[in-house]
Amino acid sequence: MKQIIIIALGILTLVGCNGKNNPNDTIVQKAGVENNPGENIVVHNNDSVPFFGKTILMDDSTHIMQQIQAIAAEDDMLSVDGRVLTIGEVGFGINLHDDGVTLISSTQMDDPKVKAVVNYLNHIYGTASEEEPDNYCWRNGNTIRLRPLSSEKGGTVIMFNCNL
C-alpha cells in the first residue's frame, strides 16, 4: 500500500511541475539552508541583478545574503558584517526587495569616501551618466543608481534593480 501511495505522489509531483519552468529558467541548488539542505529552487533569469561585477539571483533572502558575502569575499573593496556592506570606507545597510538590492548609508554625497565609491563603480561598469548633480546611473541591461538619500539627514543610496 505504501508503494502505491509513493508512486501516486511521484506521478502527481511530475504532473504538477510540468510546464512551470521555461527553457530560460535556471535551477539553483541552495547551499547551507538548515531545514532543506540541497533543495533545488527555480530562479527566473530576469530575476537577477548586477552586483559589483557579478550577478545576484533574486530568490530568498538567505541565499541573496550568501551571494553578497561570496562576492565581498572575492573583492578587496567590499566587506560584509551582518547586514552592513562596506565599500571602501563607506558602510551601507543592505535592504533586500523582490526586484533588487538597495544599499543605504548616512555618509553624505559630498564626502570624498562616496566619490571613491562612484569611481569604483565606474571602474566596474564604465563611466556613469550623471542625470543631475550627484545622481549617477549605470545602464547595462539592468540599472544601477547612486544618488543622495531623500531624507532630512541625507546620506547616500545605491540601487541594484531589475526594473528601474
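The structure described here is a predicted model.

## Confidence

The pLDDT of the chain averages 79, and 70% of the residues score at least 70. Over residues 12–45 the pLDDT is below 50, and this stretch has 34 contacts in the model beyond near neighbours in sequence.

## Salt bridges

Two salt bridges are present in the structure. In one of them, Lys 115 is joined to Asp 134, with 2.7 Å between the closest N and O atoms. This pair links distant parts of the chain, since Lys 115 belongs to helix α3 (residues 112–125) and Asp 134 to the loop between β9 (129–132) and β10 (135–140), 19 residues apart. Asp 134 has a relative accessibility of 23% and so counts as partly exposed.

Glu 74 forms a salt bridge with Lys 54, where the closest N and O atoms are 3.6 Å apart. Because Glu 74 lies in the loop between α2 (61–73) and β5 (78–81) and Lys 54 in strand β4 (residues 54–57), the pair ties together parts that are 20 residues apart in sequence. Glu 74 is exposed, with a relative accessible area of 61%, and Lys 54 is partly exposed at 41%.

The loop between β9 and β10 also holds Pro 133. With a relative accessibility of 71%, Pro 133 counts as exposed. The C-alpha atom of Pro 133 is separated by 9.7 Å from that of Pro 148, 15 residues apart along the chain.

The table lists the relative accessibility of residues in and around these bridges.

| Residue | Relative accessibility | Class |
|---|---|---|
| Lys 54 | 41% | partly exposed |
| Glu 74 | 61% | exposed |
| Pro 133 | 71% | exposed |
| Asp 134 | 23% | partly exposed |

## Strand β8 and its partners

Strand β8 is mostly covered, with five of its six residues buried. On one side of the pairing scheme is strand β7 (residues 90–97), which runs antiparallel to β8 and is joined to it by five bridges. β7 and β8 form a hairpin, and two residues lie between them. Within this pairing, His 97 stands opposite Gly 100 of β8. Strand β12 (residues 156–161) also pairs with β8 in the antiparallel sense, over six bridges. Val 101 has Phe 160 in β12 as its bridge partner.

Thr 102 is placed in strand β8, which spans residues 100–105. Thr 102 is buried, with a relative accessible area of 10%. Its side chain makes a polar contact with the side chain of His 97, at 3.3 Å. Apart from neighbours within four places in sequence, Thr 102 is in contact with Gly 93, Ile 94, Asn 95, His 97, Val 157, Ile 158, Met 159 and Asn 161.

Gly 100, likewise in strand β8, has a relative accessibility of 0% and counts as buried. Beyond neighbours within four places in sequence, the contacts of Gly 100 are Val 49, Met 58, Asn 95, Phe 160 and Asn 161. Gly 100 and Asp 47, which are 53 residues apart in sequence, lie 8.4 Å apart from C-alpha to C-alpha.

## Val 49 in strand β3

Val 49 is located in strand β3 (residues 48–51) and, at 1% relative accessibility, is buried. The C-alpha atoms of Val 49 and Gly 100 are separated by 6.3 Å, although the two residues are 51 residues apart along the chain. With neighbours within four places in sequence left aside, the residues in contact with Val 49 include Lys 54, Met 58, Asp 99, Gly 100, Phe 160 and Cys 162.

In soluble globular proteins, nonpolar side chains tend to be buried together. The largest nonpolar core of this model has 33 residues, and those with the most contacts inside it are Phe 51, Phe 52, Ile 87, Leu 103, Leu 146 and Ile 158. Helix α3 contributes the largest share of this core, six residues.

Leu 146 touches, among others, Val 114, Val 117, Val 118 and Leu 121, residues up to four places away in sequence not being counted. The contacts of Leu 146 also include Asp 134, Tyr 136, Trp 138, Thr 156, Val 157 and Ile 158.

Note on methods:
Residues numbered from 1 in each chain as written. Predicted model: local features only at pLDDT ≥ 70, side-chain atom pairs only at ≥ 80, totals over all residues. Heavy atoms only, no water. Helix = DSSP H or I, 4+ residues; strand = E, 2+ residues; numbered from the N terminus. Buried < 20%, exposed > 50% of the residue type's maximum accessible area, 1.4 Å probe, protein only. Contact = heavy atoms within 4.5 Å. Salt bridge = Lys/Arg side-chain N within 4 Å of Asp/Glu carboxyl O. Polar contact = N/O pair within 3.5 Å; in protein donor to acceptor, adjacent residues only side chain to side chain. pLDDT = per-residue confidence, 0-100. Core = buried A, V, L, I, M, F, W, Y, C linked by side-chain atoms within 4.5 Å. Pairing = 2+ DSSP bridges.
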